[in-house]
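Subject: The structure, and what turned up in it

Hello,

Here is the structure I promised to pass on to you. Please open it alongside this email, so that you can follow the residues as you read.

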Amino acid sequence: MNKIKLLVIAMTVMLIAAASPAASAQSAQSVQQLEKDIEQHEKNIKEKETSIKDLEERIDSLKSQLKDLENQKKTLEKDLKAEIKTRKEKFVTRDELVYDQEIADVLYSPYNKSDIDEALESFEGMETKDVIKHKELVQKYGEYTKDLKEFMEKFKKQLAENRWKYVSSSSDLYKKFEKGLKGTKYWKIYNKKEKNESIDYLDRVMDKIMMFKNDGLKSEAQFNECLNMLYAN
């Protein structure tokens, strides 16, 4: 082996020997850092596991609270429904009592404006539909009375000219009277009084007018009795 080759081998061995301590030190430092990082990760894992457990416990607690709140809500809704029902029942009783004591009589008596005005005031604050539906009848009582009276007065002259003689149902005068009666504003109410609300006093007037008509339009006394019932107070 020549001298140059021996020299190269010697230098290589020296370089390897010089590099080994540094490499070992670097390797040791990397392991320590990795172990340190692993410890930190393990610490972080435990902290997050603890946090998750805490949150799960809070969620369970909130679920329990939510269930309790839902039960409270259901109880309140049930109580509210009962309160609304009881209130409605008492309002019905109250409205019906007010109607019977302060309103009903005006529909059983001849039209009187001041009585009607007072009756209309009694409807204020009512909520019961079956009672409130009488209000329109009270409001239009005067209008119905006036219209029916004008119809009767219109025919009085014609019947007088006929000298209150019997009129057959086939005659023009009878047909004209019947058509006019059915054309009055109250006729629709009267014609359906068996099923709908009506004004008792005007029903009685209409009954008498119907009797007068069916008897042949011949009784002046009967006619005047009907007409006089329609004069407002």
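Below is what was found, starting with some ground rules and the overall layout.

This is a predicted model, so to speak of a local feature a pLDDT of at least 70 is needed, and side-chain atom pairs count only at pLDDT 80 or more, while totals for chains, interfaces and linings use all residues. Residues are numbered from 1 along each chain as its sequence is written, and side-chain values use heavy atoms, with hydrogens and water left out.

**Overall layout**

The protein has 8 helices and 0 strands; here helices (H or I, at least four residues) and strands (E, at least two) are DSSP runs, numbered from the N terminus. Read from the N terminus, the order of elements is α-α-α-α-α-α-α-α. Of the 233 residues, 25% count as buried. Buried means under 20% relative accessible area, exposed means over 50%, and partly exposed lies in between (1.4 Å probe, protein chains only). The areas themselves come from the Shrake-Rupley method.

In soluble globular proteins, nonpolar side chains tend to be buried together. In this model the largest nonpolar core has 44 residues, and M152 and I209 are those with the most contacts inside it. Two or more residues each come from helix 1, helix 2 (113–122), helix 4 (135–161), helix 5 (172–182), helix 6 (187–191), helix 7 (200–214) and helix 8 (220–228). Helix 4 gives the most to this core, with 9 residues.

**Salt bridges**

The count comes to 12 salt bridges, a salt bridge being a side-chain nitrogen of Lys or Arg within 4 Å of a carboxyl oxygen of Asp or Glu.

Let me start with K185 and E143, whose closest N and O atoms are 3.1 Å apart. K185 sits in the loop between helix 5 and helix 6 and E143 in helix 4, so this pair ties together parts that are 42 residues apart in sequence. K185 is partly exposed, at 43% relative accessible area, and E143 is partly exposed as well, at 38%.

Next come K213 and E178, with 3.3 Å between their closest N and O atoms. K213 belongs to helix 7 and E178 to helix 5, so the pair ties together parts 35 residues apart in sequence. K213 counts as buried, at 4% relative accessibility, whereas E178 counts as partly exposed, at 25%.

Another salt bridge joins R204 and D200 (3.0 Å, N to O). These two are 4 residues apart in helix 7, so about one helical turn separates them. R204 is partly exposed, with a relative accessible area of 36%, and D200 counts as partly exposed at 26%.

There is also a network of salt bridges that links D130, K133 and E197. E197 is in the loop between helix 6 and helix 7 and counts as partly exposed, at 34% relative accessibility. Although E197 and D130 are 67 residues apart along the chain, their C-alpha atoms are separated by 9.8 Å.

**A negative patch**

On the surface, D54, E56, E57 and D60 gather in a patch of negative charge. Patches are made of residues with over 30% relative accessible area and no salt bridge, with like charges joined within 9 Å and nonpolar side chains (Val, Leu, Ile, Met, Phe, Trp, Tyr) within 5 Å. Of this group, E56 is in helix 1 (residues 3–108) and counts as partly exposed, at 46% relative accessibility.

**Two backbone details**

Most residues other than glycine have a negative phi, and most peptide bonds are trans. Where is W164, which has a positive phi although it is not a glycine? W164 is in the loop between helix 4 and helix 5, and its phi is about 55 degrees. At 13% relative accessibility, W164 counts as buried. L217 has a positive phi of about 55 degrees too, and is not a glycine either. L217 is found in the loop between helix 7 and helix 8 and is buried, with a relative accessible area of 0%.

Happy browsing, and best wishes

Technical notes
Areas by Shrake-Rupley, 256 points an atom, 1.4 Å probe, with all protein chains shown as cover. Lys, Arg positive; Asp, Glu negative; His and termini not counted. Charge placed at Lys NZ, Arg CZ, Asp CG, Glu CD. Core = buried A, V, L, I, M, F, W, Y, C linked by side-chain atoms within 4.5 Å.
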